[in-house]
Structures are given as C-alpha cells and as structure tokens.
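Colleague: I have a few questions about this model. Can we take them one at a time?

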Amino acid sequence: MKKWILSTLALTALLSGCSSNNADEQRQLEMMAQHRAGVLSAGLPIEYGPLSVMRVLAKKNVIEIMMIYNQDEQGAKPVSDVLAMSINSYCTSSDIRSNIDMGLMYNIKIRNTRGQLVVEQLINKETCASK
C-alpha cells in the first residue's frame, strides 16, 4: 500500500512538472507575441502600394495583423495573390519561421477599403509545412 501511495505521489509530481513546463512555454510564447506585436505596431500605419497595415496586436500566442487592401488601385493584384505572397514571406523568412516553429502564429486579416473582411488566414507550422 505504501508503495502504491509513493508511486502515485511521484507520478503526480512528475505530471505537475510537465504541466508547469507547458505553462512556462505558453507564457514565453505569449510574451514573444506581445513583444513582436509591439515592435510591429510602433511603426504603423505601414503602406506598401495598395496594401496598408493598420493594426497589429497579440492574442495569446497569435499575432494578429489587420490590413486594408485597395483592390481598385492601379497595379493592384488579386487578394489571393497578395495572401499567397504573404504566406510565402512568413514561411521563408528565417527569423519569422523560427518563431512559427516554436509555436507563434500569425493571423492575417485583409479588409477592403469599405472595411469588409475579404480574407482571414492563420499562418502556423502546418501552413508552412504544406508550402
């Protein structure tokens, strides 16, 4: 009986340690997301031709980037092309990709000039692995 109780206590302590590590990792990811969002939002708005980055914020381990895309501007590409280029850029940039591989995610929201959501795409490990 004593052996069983000691085994149970040891297993409980081990599992508590694992959950503590997961909580620490999650907290670290959240802090990384907050820092990255703060750095990016410091220079807003950012304009790239018909694309304007208007807002960057962190929600847990997700960095949410809200953009306005003026499809009517001369030389504007289809939104699907802009999204594909964004995904490619996030997945091939070594700094961003290393953050994604650690568990950070990016949620790209593209709105038209009327404010209507046109595209929303989560970029994570799985998204980059399928590229």
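Colleague: Which residue's side chain makes a polar contact with the side chain of Asn-112?
Modeller: This is a predicted model. Asn-112 sits in the loop that links strand E4 (105–111) to strand E5 (117–123). A polar atom of the Asn-112 side chain also lies 2.9 Å from the backbone nitrogen of Arg-114. The side-chain partner, at 2.7 Å, is Gln-116.

Colleague: Is Asn-112 buried or exposed?
Modeller: Beyond four places in sequence, Asn-112 touches Ile-68, Tyr-69 and Val-118. Its relative accessible area is 14%, and buried means under 20%, so Asn-112 is buried.

Colleague: What is the relative accessible area of Asn-99?
Modeller: Asn-99 belongs to helix H3 (residues 94–102). Leaving aside neighbours within four places, Asn-99 is in contact with Met-32, Leu-104 and Tyr-106. Asn-99 counts as buried because its value is under the 20% cut-off. That relative accessible area is 16%.

Colleague: What distance separates the C-alpha atoms of Asn-99 and Asn-124?
Modeller: Along the chain, Asn-99 and Asn-124 are 25 residues apart.

Terms used:
Residues are numbered from 1 along each chain as its sequence is written. This is a predicted model: local features need pLDDT of at least 70, side-chain atom pairs count only at pLDDT 80 or more; totals for chains, interfaces and linings use all residues. Side-chain values use heavy atoms; hydrogens and water are left out. Helices (H or I, at least four residues) and strands (E, at least two) are DSSP runs, numbered from the N terminus. Buried means under 20% relative accessible area, exposed over 50%, partly exposed in between (1.4 Å probe, protein chains only). A polar contact is a pair of N or O atoms within 3.5 Å; within protein, one must be able to donate a hydrogen and the other to accept it, and residues adjacent in sequence count only if both atoms are side-chain atoms. Contact means heavy atoms within 4.5 Å.
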